[in-house]
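I opened this model to look up its fold, its core and its helix packing. My entries are below, in the order I made them.

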Amino acid sequence: MKKIIMSILTAVIFSSCAVMTDEAHYEVSPELRVFVDRFYAEAESRGIYFDRDSVSIELRDNLQKTDLAYGVTYGRGSAYHLIFIDRQFALQQLNEFSAVDYLGDVVYDSAAFYTLEYVVFHECGHSFLNRGHVGDGHFSIMTGDGSYIGNFESIDADRQKLINELFDGH
Ligand SMILES: [Zn+2]
């Protein structure tokens with residue numbers, strides 16, 4: 001069974017790469033680019049440089065229903081970075097992040113922005129940093145159930161600690 005899954009994933013990876021006209025394959029859904037760029041910037045500020053090759057980070061419909069998760073990473077620890085983020089969840093966060101209020105003004109809800117960033121950073125932690133899940137007792141983005149999403153959303157100092165732990169705690 002595992003072999004079948006692996007070969008399906010390999011097929012998915014290679015079929016998506018087959019359409020590329022050159023070696024570099026860097027494909028990130030426009031809605032997710034700001035978060036992926038921020039992940040790269042956090043890495044680079046720590047002297048960690050990831051190739052922008054074999055990267056595919058995309059929105060997928062109904063991931064929550066099929067995988068019971070907001071995000072899924074395939075091929076962890078391999079040279080391929082294939083991440084899916086639930087489209088409905090992502091769009092909901094982005095709509096809340098910049099909504100138009102009853103006066104017609106755009107209002108920004110940074111908590112919604114950071115909720116989506118938390119999920120993207122979690123999946124990038126799997127894919128780029130080869131991190132697995134840690135127990136709830138660890139103050140980390142890498143717990144399996146988003147234990148510290150509230151801290152990340154609303155407390156600047158905690159967000160910084162969690163990002164430090166993401167890069168330094170493995
Ligand atoms: Zn995870």
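These entries go from the overall layout to the sheet, the core and the helix pairs.

**Ground rules.** I am working on a predicted model, where local features need pLDDT of at least 70, side-chain atom pairs count only at pLDDT 80 or more, and totals for chains, interfaces and linings use all residues. I number residues from 1 along each chain as its sequence is written.

**Layout.** I looked up the elements and found 7 helices and 6 strands in the chain. Helices are DSSP runs of H or I with at least four residues, strands are runs of E with at least two, and both are numbered from the N terminus. Along the sequence I read α-β-α-β-α-β-β-α-β-β-α-α-α.

I then checked burial. A residue is buried if 20 or more other C-beta atoms lie within 10 Å of its own, exposed if 12 or fewer, and partly exposed in between; C-beta atoms are placed from the backbone. Of the 170 residues, 26% are buried. Contact means C-beta atoms, placed from the backbone, within 7 Å. Among contacts with a separation of 6 or more, 60% join residues 24 or more positions apart.

**Sheet.** In what order do the strands of the open sheet run? I read E1-E2-E4-E3, 4 strands with mixed pairing. Strands E1 (26-28) and E3 (71-74) are at the edges with a single partner strand each, so one side of each has no neighbour in the sheet. From one strand to the next, the twist averages 20°.

I followed E3 to E4 (residues 81-86): they pair in the antiparallel sense over 4 bridges. Pairing requires at least two DSSP bridges between the strands. Tyr74 stands opposite Leu82 in E4.

Two helices meet this part of the sheet. H4 (residues 87-97) packs on the sheet and touches E2 (55-60) and E4, with its direction at about 65° to that of E4. H5 (residues 110-127) lies across E3 and E4, at about 15° to E3. Axes are lines fitted to C-alpha atoms, for helices over the stretch in contact, and angles run from 0 to 180 degrees between N-to-C directions.

**Core.** I took a nonpolar core as buried Ala, Val, Leu, Ile, Met, Phe, Trp, Tyr and Cys residues joined through C-beta atoms within 7 Å. The largest has 30 residues, and Leu32, Val36, Ile85, Val120, Phe121 and Ile141 touch the most other members. H2 (33-44), E2, E4, H5 and H7 (156-168) each give two or more residues. H5 gives the largest share, 7 residues.

I looked up Val120. Leaving out residues up to four places away in sequence, Val120 touches Leu32, Phe35, Val36, Phe39 and Ile85.

**H2 and H5.** Their axes are 10 Å apart and the packing angle is about 55°. H2 and H5 are therefore oblique; roughly parallel is under 35 degrees, roughly antiparallel over 145, roughly perpendicular 65 to 115, and oblique the rest. Phe35, Val36, Arg38 and Phe39 of H2 meet Leu116, Glu117, Val120, Phe121 and Cys124 of H5.

Is Arg33 buried or exposed? Arg33 sits in H2 and is exposed, because 11 other C-beta atoms lie within 10 Å.

**H4 and H5.** Here the axes are 7 Å apart, at an angle of about 155°. That makes H4 roughly antiparallel to H5. Ala90, Gln93, Leu94, Glu96 and Phe97 of H4 make the contact with Ala112, Phe113, Thr115 and Leu116 of H5.
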